[in-house]
Amino acid sequence: MLVAVEHELRRSPAGVDELGLIKRLQKPPWRLIGAVQFHDPVQLYPVHFLLFHVLYRLRDMLAETGESVCISPLSIRIEQPVTGTTNGLPGTRDHLRDFYLDLSQYELPGDSVQQMMNDFWAGYRHTVPDDTDTLHAARALGFDSVPDTFSTVKQAFRRRVMQAHPDRGGDTESIQLLNEAFATLKTHFSRTMERI
């Protein structure tokens, strides 16, 4: 799986979101992931965990050549080395890396997975998305750049959700991506002091 993930990331230098990467790994020539119930966090968790385990292993491997892997559900990409920069603060511990490289975390009970999701969404409202995540979220809603107002985001979100609704030929995976993009932009605008 490590080889397939690196291949797919090198094929997409601008990055790919987690859902897109999973779908690529489901298709030929890879066929490494079976059917996934994207709307069910308990069933999605093992696939998510395995993918992020591989991504952190790949990041460690590529660090030897000076490359880095940006790991975010909205944008996963290989970044080329930049002279004079470092990967994090010296002496800091990457707790996400520790979690995903600990294979005992792969098989969690359903209630633990649900609690993690609840904690994630509660904490997500208090974090500020970086510029790359904000831009990817805006693009997921059909913008070329981050809009000036949140009301513009809300209108686009409503329109896109209606188009992606299963009753209109859409699917739950698309709605999930739209919800994540909307949450990212909502956090961005709330942190820039715009009234929502």
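**A walk through the helices and the loop**

Let's start in the loop between H2 and H3, where Pro 29 lies. The model you are looking at is predicted. The peptide bond leading from Pro 28 into Pro 29 is cis, with omega near 5°. Arg 31 is found in the loop between H2 and H3 as well, and its phi is near 50°, a positive value in a residue other than glycine. Both features are worth a glance, because most residues other than glycine have a negative phi, and most peptide bonds are trans. Arg 31 is also exposed, with a relative accessible area of 61%.

Now step back to helix H2, which spans residues 18-26. At its start, a side-chain oxygen of Asp 17 reaches to within 3.1 Å of the backbone nitrogen of Leu 19. Which residues of H2 are buried? They are Glu 18, Leu 19, Leu 21, Ile 22 and Leu 25. These residues cover an arc of only 165° around the axis, so they sit on the same side of H2.

Finally, turn to helix H1 (residues 2-11) and helix H3 (residues 41-63). Two packed helices are described by the angle between their axes and the distance between the axes. Here the axes come within 10 Å and cross at roughly 75°, so H1 and H3 are roughly perpendicular to each other. On the H1 side, the contact is made by Leu 2, Val 5, Glu 6, Leu 9 and Arg 10. H3 contributes Leu 51, Val 54, Leu 55, Arg 57, Leu 58, Met 61 and Leu 62. Sorted by class, this contact has nine nonpolar, three charged and no polar residues.

Key:
Residues are numbered from 1 along each chain as its sequence is written. This is a predicted model: local features need pLDDT of at least 70, side-chain atom pairs count only at pLDDT 80 or more; totals for chains, interfaces and linings use all residues. Side-chain values use heavy atoms; hydrogens and water are left out. Buried means under 20% relative accessible area, exposed over 50%, partly exposed in between (1.4 Å probe, protein chains only). Helices (H or I, at least four residues) and strands (E, at least two) are DSSP runs, numbered from the N terminus. The arc is that of the directions from the helix axis to the C-beta atoms. A polar contact is a pair of N or O atoms within 3.5 Å; within protein, one must be able to donate a hydrogen and the other to accept it, and residues adjacent in sequence count only if both atoms are side-chain atoms. Axes are lines fitted to C-alpha atoms, for helices over the stretch in contact, and angles run from 0 to 180 degrees between N-to-C directions. Angles under 35 degrees count as roughly parallel, over 145 as roughly antiparallel, 65 to 115 as roughly perpendicular and the rest as oblique. Contact means heavy atoms within 4.5 Å. Ala, Val, Leu, Ile, Met, Phe, Trp, Tyr, Cys and Pro count as nonpolar, Asp, Glu, Lys and Arg as charged, and the others, Gly among them, as polar.
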